[in-house]
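Please look at the aromatic side chains in this entry. My notes on them follow as numbered points.

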Amino acid sequence: MYSNEEKHINWLDLLIKIIFGALFILILVWLFPKVPNMKPFYSNVFRENIKYMQEAGESYFTNDRLPKEEGKSVKLTLKELMNKSLVLPFVDKDGASCNVYSSYVEVTKGDNEYILKTSLVCNNEQNYVNKVLGCYDYCEDCKNEEVVKTGTQYQFKKQVDSSYNKYSCPEGYSLEGAFCYRTTSTTKDTIKTYKKVVDYSENANLGYYDGSKQYLKDTPSQLYQKEECPNGYTRSNDNKCYKKVTTNAVSGSTSYQCNEGTLSGSSCRLTAAKIKGIPYKQNICSSTPGCFNYITIYPYSCPANYYKENGTCARYVPATAVVTGSVCPSGYNKDTNGTCYKYDYANMVYTYGVKYYCPANYFEEGINTSLRCYTYTSGGYYYYCNKSDGVINGSKCDYFKTITEYKCDADYNLNNGVCVKSYTDKINAYVEKVQGFKYSYTWSTKETLNGWTYTGNKRTVNM
């Protein structure tokens with residue numbers, strides 16, 4: 001036979017089990033406290049790094065290294081502090097290196113104090129602090145004496161998590177913070193160009209176009225006293241007037257010769273250099289209306305006692321008669337050419353002469369009493385160069401030379417004769433988590449500090 005027994009829940013037993021379970025959980029929570037908040041530690045790491053840099057700056061900036069003028073500053077980067085072994089390399093809370101070039105300590109001279117600025121830049125955090133270095137520390141000409149108060153600080157330590165990220169880069173890259181950089185470049189040939197530049201310049205020549213001439217009514221003149229020999233006589237270096245008289249030899253044959261110039265019958269033709277005038281252009285068909293055919297006229301004049309003759313300047317003097325096979329008359333001498341001669345002397349003649357001239361900017365036409373002065377009332381002037389390759393530039397003639405230049409495309413730079421274009425690649429660095437623990441140290445004026453262990457070190461500091 002089967003018996004139908006009704007099953008009942010033991011509520012007391014269930015309640016006891018719940019109580020013991022809750023008690024067990026409370027014991028576990030008490031034995032294993034929750035994970036501590038690490039933000040204060042991370043913040044303390046940044047503050048400690050700034051403090052180390054500040055202390056290194058104070059130790060470095062001795063009196064002889066401080067700026068001498070008010071408002072001037074002296075700066076030292078974190079890289080320079082590390083190179084001088086004043087601090088060890090810094091890492092942030094992620095284990096990445098801080099920026100050694102943007103981080104620095106800087107001291108600035110004020111009126112009666114120095115300001116020490118400490119700036120630290122890491123990947124995700126940057127800040128700075130200022131410290132006043134009082135007159136009692138650095139100034140040599142203090143105006144006020146200050147009373148320095150001192151106190152005792154005690155050093156404490158505690159173990160903290162020192163796990164950090166270790167960054168590395170592939171081969172060919174350089175590490176900077178949490179990134180890897182690599183610079184590559186491409187090259188190409190330069191572009192060869194030619195450029196004309198001015199080699200030298202000279203004054204241009206001035207020419208005139210033919211125009212209407214306007215003559216002065218009266219040619220200017222001036223009176224002057226002149227001392228000269230009588231006509232036919234020559235003035236010697238010792239201011240004597242003489243002339244050489246020649247005669248034919250008795251019963252001889254006569255011929256003529258010139259000491260200078262060219263023989264022309266019984267005279268000698270002497271020539272002199274022309275005095276060039278300013279060239280101008282003249283219309284040779286001006287008699288025909290509407291006809292313009294310009295030629296360049298090169299005017300000239302001759303020196304005194306010379307006259308224009310067939311485009312030259314010339315004058316004639318008697319040639320020397322040469323008698324051969326004969327005897328000179330009494331009082332005459334025979335020269336090596338067989339010519340009979342003697343010298344006749346005369347006194348100086350003093351007279352007044354008139355000298356004609358043209359004012360400035362006027363042209364001359366004729367000589368002596370026939371001199372006339374004129375200028376152009378119309379027409380114009382122009383500049384021209386002596387050489388065909390000259391280029392008129394105002395009143396100058398420029399002469400050019402060709403130089404070679406080497407250039408690069410817009411995105412290339414010229415470097416030692418080659419065009420170079422640089423590229424910079426930036427990638428994230430490899431990250432490796434490195435586990436570990438280290439001691440964190442701090443100073444306090446208290447003899448005990450909750451959660452910290454006294455190291456036995458103490459120091460006296462200014463308060």
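1. The charged end of Lys117 is placed over the ring of Tyr128, 4.5 Å from the ring centre. A charge sits over a ring if NZ of Lys or CZ of Arg is within 6 Å of the ring centre and within 35 degrees of the ring normal. Lys308 lies over the face of Tyr300, 4.9 Å from the centre of that ring.

2. This is a predicted model, in which local features need pLDDT of at least 70, side-chain atom pairs count only at pLDDT 80 or more, and totals for chains, interfaces and linings use all residues. Residues are numbered from 1 along each chain as its sequence is written, and side-chain values use heavy atoms, with hydrogens and water left out.

3. The structure holds eight aromatic pairs (rings of Phe, Tyr and Trp, its six-membered ring, with centres within 6.5 Å; planes under 30 degrees apart are stacked, over 60 edge-to-face, the rest tilted). The planes of Tyr154 and Tyr454 meet at 70° with the ring centres 6.0 Å apart, so this pair is edge-to-face. Tyr154 lies in strand 5 (residues 150-161) and Tyr454 in strand 37 (residues 453-462), 300 residues apart (strands are DSSP runs of E, at least two residues, numbered from the N terminus).

4. Tyr154 is buried, at 15% relative accessibility, while Tyr454 is partly exposed at 37% (buried is under 20% relative accessible area, exposed over 50%, partly exposed in between; 1.4 Å probe, protein chains only). Ring pairs join Tyr154, Phe156 and Tyr454 in a cluster.

5. Tyr242 and Tyr343 form an edge-to-face pair, 5.9 Å centre to centre with 70° between the planes. Tyr242 is partly exposed at 26% relative accessibility, and Tyr343 is partly exposed at 43%.

Terms used:
Helix = DSSP H or I, 4+ residues; strand = E, 2+ residues; numbered from the N terminus.
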